[in-house]
Amino acid sequence: MKTIIEPFKIKSVEPIRFTTKEERIKILEEAGYNPFLIRADDVLIDLLTDSGTSAMSSDQWAGIMRGDESYAGAKSFYKFESAVKKITGDKFIIPTHQGRAAEKILFSILGGPGKYFASNTFFDTTRANIEFSGAEAVDLLVEVGKHPEQRSPFKGNLDVEALEAFIKKVGKENIPLIMLTVTNNSGGGQPVSMQNIREVKEVCKKNDLHLFLDACRFAENAYFIKMREDGYKNKSVLEICQEMFSYADGSTMSAKKDALVNIGGWLSLNDDELAMKCRNLLIVTEGFPTYGGLAGRDLEAIAQGLEEVVDEHYLQYRIRSTEYLGEKMLGAGIPIIEPPGGHAIYIDAKRFAPHIPQHQYPGQSIVCQLYIEGGVRAVEIGSVMFGKYDNDEQLIPAMMELVRLAIPRRVYTQSHIDYVAEVVIETYKNRNNLKGYEIIYETPMLRHFTAKFKPI
Ligand SMILES: *Cc1c(COP(=O)(O)O)cnc(C)c1O
């Protein structure tokens with residue numbers, strides 16, 4: 001088979017500013033050893049997130065010029081609405097300025113003390129919005145998804161038996177909805193199978209529960225279904241997406257992921273009364289229902305991005321380029337979540353740096369060294385992000401200690417990725433020199449964004 005190439009040519013470029021190792025040591029120290037606090041201009045290859053970092057196509061930029069900026073009923077809204085409906089089939093499409101705005105609206109209305117929500121794994125902002133409302137968020141990931149070294153095609157699946165037990169335990173009247181995150185971002189970008197979606201739907205139906213998708217990476221999930229699940233090889237990605245959404249009663253979406261834009265999101269639903277309540281809140285927090293915190297030009301870019309993201313040459317390149325980085329690391333013996341996920345490679349920090357205990361944040365240590373070694377910015381997804389404290393102020397560590405290298409869509413070429421692999425491999429060779437970190441400043445919620453650290 002021939003090399004899978006980037007399915008685009010480059011029309012506009014953005015120069016990268018080079019730094020020396022000495023400069024980076026100083027920059028990192030000044031940022032309190034938290035890469036979120038480093039200026040982007042001081043980063044060579046930025047794999048902090050795949051969110052809002054996509055390169056837009058010439059057709060999307062043309063859409064930016066076409067944007068209708070009318071306050072109400074803009075042409076661009078109807079284009080956006082019809083592009084989202086084509087994929088979701090949902091009755092009400094509510095634009096929001098990003099994914100968490102959709103979550104905030106949905107969970108302010110459905111959440112509150114005494115309520116429970118379950119998911120394969122809630123993403124951090126989703127969990128935060130549920131907990132902020134006073135409700136509880138419960139993750140019910142299948143067992144294999146908790147073992148980074150075990151290969152399985154759909155490690156993002158929800159444990160259906162655990163779901164049934166959960167419903168019995170807390171009572172269906174206290175569960176406003178069940179959510180499936182596709183692909184499972186916090187669990188390694190692993191896909192959810194169509195069979196699992198169907199089974200979860202069955203349980204929801206039996207118990208009169210709503211099923212929602214956290215749809216951020218719906219197209220990547222659909223491509224995995226096409227590649228890995230029986231019966232889908234000859235279906236188009238669009239058809240697979242439509243089937244996935246057909247089982248759901250609604251979705252929250254960050255267009256900063258699989259709509260290939262830099263800002264935007266939506267909340268889609270079918271229930272008339274819930275939609276009315278959501279739109280009322282939208283007007284208070286985001287704006288009129290035909291723009292929801294976005295400019296007309298953003299709605300145009302999303303509509304066009306949704307056409308491009310289901311293109312199978314794009315998805316083949318997308319999934320393969322992530323896998324390519326994963327294979328290079330595995331070839332050097334680096335422990336990662338296997339198989340590679342859709343949008344990112346996740347290093348298993350517990351096995352990478354087993355000499356650093358969880359309360360000294362092994363993932364943070366690796367993240368810092370990747371920056372010093374090669375100016376590569378990654379993010380810790382472990383006890384910094386998900387750790388909690390017990391009543392004695394002792395850390396309750398996260399289930400996994402991961403370092404995520406998220407690949408922005410259509411931004412970096414193969415040589416950039418080769419460079420990243422070299423930096424990670426060099427860091428791995430010198431892993432015995434990695435030191436633990438302690439937190440010297442933190443906020444009560446989503447502390448990873450602003451925390452400051454000190455090497456031990
Ligand atoms: C990014 C993301 C969100 C939140 O979306 P924002 O646009 O960043 O607010 C929610 N869920 C998942 C799975 C995500 O990846």
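Residues are numbered from 1 along each chain as its sequence is written, and side-chain values use heavy atoms, with hydrogens and water left out. Because the model is predicted, local features need pLDDT of at least 70 and side-chain atom pairs count only at pLDDT 80 or more, while totals for chains, interfaces and linings use all residues.

**Stop 1: the ligand**

A nitrogen atom of the ligand lies 2.7 Å from a polar side-chain atom of Asp-214. For Lys-257, a polar side-chain atom is 2.7 Å from an oxygen atom of the ligand. An N or O atom in the side chain of Arg-217 is 2.9 Å from a ligand oxygen atom.

On its own the ligand has 380 Å² of accessible area (Shrake-Rupley method, 1.4 Å probe; for residues, only the protein chains shown count as cover). The protein covers 97% of that area.

Next, colour by element (helices are DSSP runs of H or I with at least four residues, strands are runs of E with at least two, numbered from the N terminus).

**Stop 2: Ser-254**

Select Ser-254, in strand S7 (residues 250-254). Is Ser-254 buried or exposed? Ser-254 is buried, with a relative accessible area of 5% (buried means under 20%, exposed over 50%, partly exposed in between, with a 1.4 Å probe and protein chains only). Apart from neighbours within four places in sequence, Ser-254 is in contact (heavy atoms within 4.5 Å) with Ser-51, Gly-99, Cys-216, Gly-264 and Gly-265.

**Stop 3: helix H12**

Select residues 312-331, which form helix H12. The 20 residues reach 28 Å from first C-alpha to last, close to the 28 Å expected at 1.5 Å a residue (1.5 Å times one less than the number of residues). At the start of H12, a side-chain oxygen of Asp-311 comes to within 3.0 Å of the backbone nitrogen of His-313. The buried residues of H12 include Tyr-314, Leu-315, Ile-319 and Met-329. Elements that the buried residues pack against include helix H8 (218-228), helix H11 (296-309) and helix H16 (414-429). After H12 comes Gly-333, with a positive phi near 85 degrees.

**Stop 4: Ile-225**

Move to Ile-225 in helix H8. Ile-225 is buried, at 0% relative accessible area. Its C-alpha is 7.7 Å from that of Ile-240, 15 residues apart along the chain.

**Stop 5**

Select Val-182 and Thr-183: the peptide bond between them is cis, with omega near -20 degrees. Another cis peptide bond joins Glu-338 and Pro-339, with omega about -15 degrees. Pro-339 lies in the loop between H12 and S9.

Asp-208 has phi near 60 degrees and counts as exposed, at 70% relative accessibility. Arg-410 has phi near 65 degrees and counts as buried, at 14%.

Methods
Polar contact = N/O pair within 3.5 Å; in protein donor to acceptor, adjacent residues only side chain to side chain.
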